[in-house]
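The entries follow the order in which I went through them.

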Amino acid sequence: LKKEAAKAAKAAKKAEAKGGTPAGPAISTEPPSGTRDFFPAEMRTRNWLFAKFRETARQLAFVEYDAPVLEAEQLYVRKGGEEITQQMYNFTDKDGKAVSLRPEMTPTLARMILSLGGKVLLPVKWFSIPQCWRFETVQRGRKREHFQWNMDIVGEASIAAEAELLAGVTSFFKSVGVTSADVGIKVNSRKVLAAILKMYGIDDDKFEAVCVIVDKLDKIGPDETVQLLRDAQVSDEAARKIVASLSLRSIGELQELVGEHPVAADAMREMKELFALAEAYGFGDWILFDASVVRGLAYYTGIVFEGFDRKGELRAICGGGRYDKLLSLYGSPTVVPACGFGFGDCVIMELLQEKGLLPHLEPEVDFVVCPFNAEMRLHAVQVAATLRAAGYAVDVLLANKRADKAFSYADRVSGRRMVFVAPDEWDKGSVRVKDLRLERSEEEKLADRGIELPVAELV
Ligand SMILES: CC(=O)Nc1cnc2ccccc2c1
């Protein structure tokens, strides 16, 4: 009993310290594990980043779509064994429905296109910036949500579509001051893997599992990768050939390894065309062939790519590729070619921070209106309404404050000009305006009487 009492006393003391009542602790003020609050300063930065995403999408004539964060779980059930489908933030809702917070946006896009049936004119170029979720174990300490800019082209089978996507990625980077010296984009084609599997008589239905396995290469090394391929019923010789193909450094070497195979030849031709288009777009110095890039999503069928920081300190910045079979998987009566990329909001922020490319963003308040006293509030709000109707951002002091307190408030909200509404000036139809952006000392600010203006001249 004594022990229990001591424990309860300790908990009550701890709760007291946290401002809770002895009865129990105050609510936790932290967001759920693995998730983020966006306070105003962080929200300004996020809005700045998303505005850059939207500006790039606009320039490439993409249109924005959105959908519920909640989807039927079955939308993500794939046999490829990908991490993303094994970490679903899924649950059974009160109707007994198996649902999940979306771990990615591409399946939702496919569902929406399918819902339009034959009514949608292809190709479509759609983008969205959805919050995506995963139920990550707390031990791994990774985040459970992020916002991921998605750009997809549905209905175009040629490499022109992938070139447009890469144009989008590179023009976004340029728009935030990232150069091709900071970041590169590795490009590969899964058709090479498909050719090797065919060369060794490995059944197509192993393709997705093989892709998910070889995507682990740089984490688990070649031997472990060969072993995993063997476990997936791939012959030892084929497994070694697959792993060897991932370390090729040029399209020429690829030619030697698998060149004569028609599927591989197709892959080579496409990649050469992609590199020629890249030069024509002016982003040739951003992309490089890298046979080890496979990406972890099972549904990619052709070109795959990923943006990386050339210093090699960060995780992949963005990634994408062609997924020509996904709409068929969801029941499309015809094959609908598609390709797209995802661009998370976290790694890019680390990169921009490190490169000193994040802008310093302040709230924008054009006027802070300060009533001289309670009686003047009626006139002060009239002035504020006039200025707001003219499109200005106006903050009216909610409590009557002395001038020096009003100034410190105006500083805090980054006001540009202070408008004092006082009896003497008001009797003459005027107010007193002070510019707060002039570089002056505190006492100069206080001494400065500002200028007297008729209200009509303010707007
Ligand atoms: C770097 C990072 O935070 N990645 C991240 C964070 N949250 C996710 C949530 C769902 C799917 C992928 C995710 C990926």
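**Notebook: loops, strands, helices and ligand**

I began with Ser 414, which I find in the loop between α15 (403-412) and β15; helices (H or I, at least four residues) and strands (E, at least two) are DSSP runs, numbered from the N terminus. Its phi is near 55°, a positive value in a residue other than glycine. Ser 414 counts as buried because its relative accessibility is 8%, where buried means under 20% relative accessible area, exposed over 50% and partly exposed in between (1.4 Å probe, protein chains only).

Before going on I note that this is a predicted model, in which local features need pLDDT of at least 70 and side-chain atom pairs count only at pLDDT 80 or more, while totals for chains, interfaces and linings use all residues. Residues are numbered from 1 along each chain as its sequence is written, and side-chain values use heavy atoms, with hydrogens and water left out.

**Other loop entries**

I looked up Arg 295 and found it in the loop between β9 (287-289) and β10, with a phi near 70°, again a positive value in a residue other than glycine. I also noted a cis peptide bond between Leu 122 and Pro 123, with omega about 0°; Pro 123 belongs to the loop between α4 (106-116) and β5 (124-128).

**Strands**

Strand β15 (residues 415-421) pairs with β16 in the antiparallel sense over 4 bridges, pairing being assigned if DSSP finds at least two bridges between two strands. Lys 434 in β16 is the bridge partner of Met 418. Strand β17 (residues 451-454) runs antiparallel to β16 and is joined to it by 4 bridges, with Ile 451 in β17 standing opposite Val 433. Strand β16 (residues 430-435) has 5 of its 6 residues buried, so it is largely enclosed by the rest of the structure.

I then turned to strand β11 (residues 318-322), which is mostly covered, 5 of its 5 residues being buried. Cys 318, Gly 320 and Arg 322 point one way from β11, while Gly 319 and Gly 321 point the other way. Strand β10 (residues 303-309) is joined to β11 by 4 bridges and runs antiparallel to it, and strand β12 (residues 338-344) pairs with β11 in the antiparallel sense over 5 bridges. Gly 307 stands opposite Cys 318 in β11, and Gly 319 stands opposite Gly 342 in β12.

**Helices**

In helix α7 (residues 207-214), 6 of the 8 residues are buried, so the helix is largely enclosed by the rest of the structure. Its buried residues, among them Phe 207 and Cys 211, pack against α6 (190-199), α8 (217-231) and α9 (236-245), contact meaning heavy atoms within 4.5 Å. Glu 270 sits in helix α11 (residues 262-281) and touches Ile 159, Lys 191 and Ile 303, not counting residues up to four places away in sequence.

**Ligand**

I asked which residues surround the ligand, and the shell includes Pro 103, Trp 133, Arg 134, His 146 and Arg 315, a residue being near a molecule if one of its heavy atoms lies within 4 Å of it. β6 (131-133) and β7 (145-154) each supply at least two residues of that shell.
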